[in-house]
Amino acid sequence: MTGYGYIGLGMMGSAMAENLIRHGSGPVTVHDIDPTAVDAAVALGAAAAADAAEVARVSDVVSVCVPAAAHIEAVLSGPGGIAEGAHEALTVLIHSTVHPDTVLAARAAAAEWGVAVFDASVAGGAENAREGNLTVLAGGLADMPPAARELLEVYAGTLIDAGPVGAGAALKIAINVMTYAQFAAAATAHDMVASTGGEPAALLEAWRSMDQLGALTEQYCALLEIPDEHIQGELRTMLETQAGIATKDLSLALEVGRTRSGAGALLDALGRVMPAVYNVHDDTEESE
């Protein structure tokens, strides 16, 4: 029976691990620096590991969903990392939103231990992750071992062959650019209509009727109806986290190849306005 591992039980990782555990394809071993997240996975039927090395030793396929490149390096090669538990039957799938070069560097390092690394970026949010209905953007799909590809089918409602290893990471960053640009445009259009005495709900109705309003943007637009004075406490913390993720992703986009004139300026501008888009900008700043 195939053994699965999951490292990184944040909002998305915990939802993906929950789906994997409930799917029952094989034993699931998890690790995270947050013991509460580990306990929640164990309550669903997972086994807890002391570190990434232990996850690697008992798994055939390990999913890694950590915040950034430095965390991937630590999980792979740091103390207690996958390198210490590596074996030739092991495949590692990187789900994190990172630069393609991060994936390629991880793949090169792991090859020295006989371990195969692939990128399998994910999109769709935590609820779709729990339901196994994510869009999975896979790099090197044609070369993946069967067990790894079968695991992606557990996670995915749609599995996309993005191209060679690293292409899945690049595609996820590109999709995020489209998403955040649409959020910024929606916020601007909403305020334009409201400031001229119009009804923002009519804007959404018109956009929806033309099949222009995507599900994620429609979810985002609900934020625009929340009064500023209610953006506080846990809600503000959550929105600050989302704005930080957006800014990080757009910084990655600035580092990825592009040829169109003005692309860099556009990406830089989008990154700078993300706190305002999520309505957590510093009120002491002068409005533009």
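Tyr 6 stands opposite Ser 63 in β4, at a place where strand β1 (residues 4–7) and strand β4 (residues 61–64) run parallel and are paired over 4 bridges. Two strands are said to pair if DSSP finds at least two bridges between them, while helices (H or I, at least four residues) and strands (E, at least two) are themselves DSSP runs, numbered from the N terminus. The model is predicted, so that local features need pLDDT of at least 70 and side-chain atom pairs count only at pLDDT 80 or more, whereas totals for chains, interfaces and linings use all residues. Residues are numbered from 1 along each chain as its sequence is written, and side-chain values use heavy atoms, with hydrogens and water left out.

**The sheet**

The pairing of β1 with β4 belongs to an open sheet of 8 strands, in the order β3-β2-β1-β4-β5-β6-β7-β8 and with mixed pairing. Because β3 and β8 (156–163) each have a single partner strand, they stand at the edges, and one side of each is left without a neighbour in the sheet.

**Nonpolar cores**

A nonpolar core is taken here as a set of buried Ala, Val, Leu, Ile, Met, Phe, Trp, Tyr and Cys residues joined through side-chain atoms within 4.5 Å; buried means under 20% relative accessible area, exposed over 50%, and partly exposed in between, with a 1.4 Å probe and protein chains only. The largest such core has 56 residues, and Ile 82 and Leu 152 are the ones with the most contacts inside it. Contact means heavy atoms within 4.5 Å, and, with neighbours within four places in sequence left aside, the residues in contact with Ile 82 include Ile 7, Val 62, Val 64, Leu 90, Val 92 and Trp 113. A second, separate core holds 28 residues, among them Phe 183, Ala 184, Ile 231 and Ala 246.

**Helix α2 and its surroundings**

In helix α2 (residues 35–44), Ala 37, Val 38 and Ala 41 are buried. Seen down the axis of α2, these buried residues fall within an arc of 100 degrees, so they line one face of the helix; the arc is that of the directions from the helix axis to the C-beta atoms. On the other side of α2, Pro 35, Thr 36, Asp 39 and Ala 43 are exposed. The cover over the buried residues of α2 includes α1, β2 (28–31) and β3 (47–48).

The N-terminal end of α2 is capped by Asp 34, which has a side-chain oxygen 3.0 Å from the backbone nitrogen of Thr 36. Just after α2, Gly 45 takes a positive phi of about 125 degrees.

**Salt bridges**

A salt bridge is a side-chain nitrogen of Lys or Arg within 4 Å of a carboxyl oxygen of Asp or Glu, and a search of the whole structure finds 7 of them.

| Salt bridge | N to O distance |
|---|---|
| Arg 22 – Glu 18 | 2.3 Å |
| Glu 127 – Arg 130 | 3.8 Å |
| Asp 249 – Lys 248 | 3.0 Å |

Arg 22 and Glu 18 are separated by about one helical turn because they are 4 residues apart in helix α1 (residues 11–23). Arg 22 counts as exposed at 57% relative accessibility, whereas Glu 18 is buried, with a relative accessible area of 14%. Leaving out residues up to four places away in sequence, Glu 18 touches Leu 44 and Arg 130.

Glu 127 and Arg 130 are likewise separated by about one helical turn, being 3 residues apart in helix α6 (residues 125–131). Glu 127 is partly exposed, with a relative accessible area of 49%, and Arg 130 is partly exposed as well, at 34%. Glu 18, Arg 22, Glu 127 and Arg 130 are linked in a network of salt bridges.

In the remaining pair of the table, Asp 249 counts as buried at 4% relative accessibility, while Lys 248 counts as partly exposed at 27%.

**His 190**

His 190 is found in helix α8 (residues 167–195) and is buried, with a relative accessible area of 11%. Not counting residues up to four places away in sequence, His 190 touches Pro 200, Leu 203, Leu 224 and Glu 225.

Methods. Polar contact = N/O pair within 3.5 Å; in protein donor to acceptor, adjacent residues only side chain to side chain.
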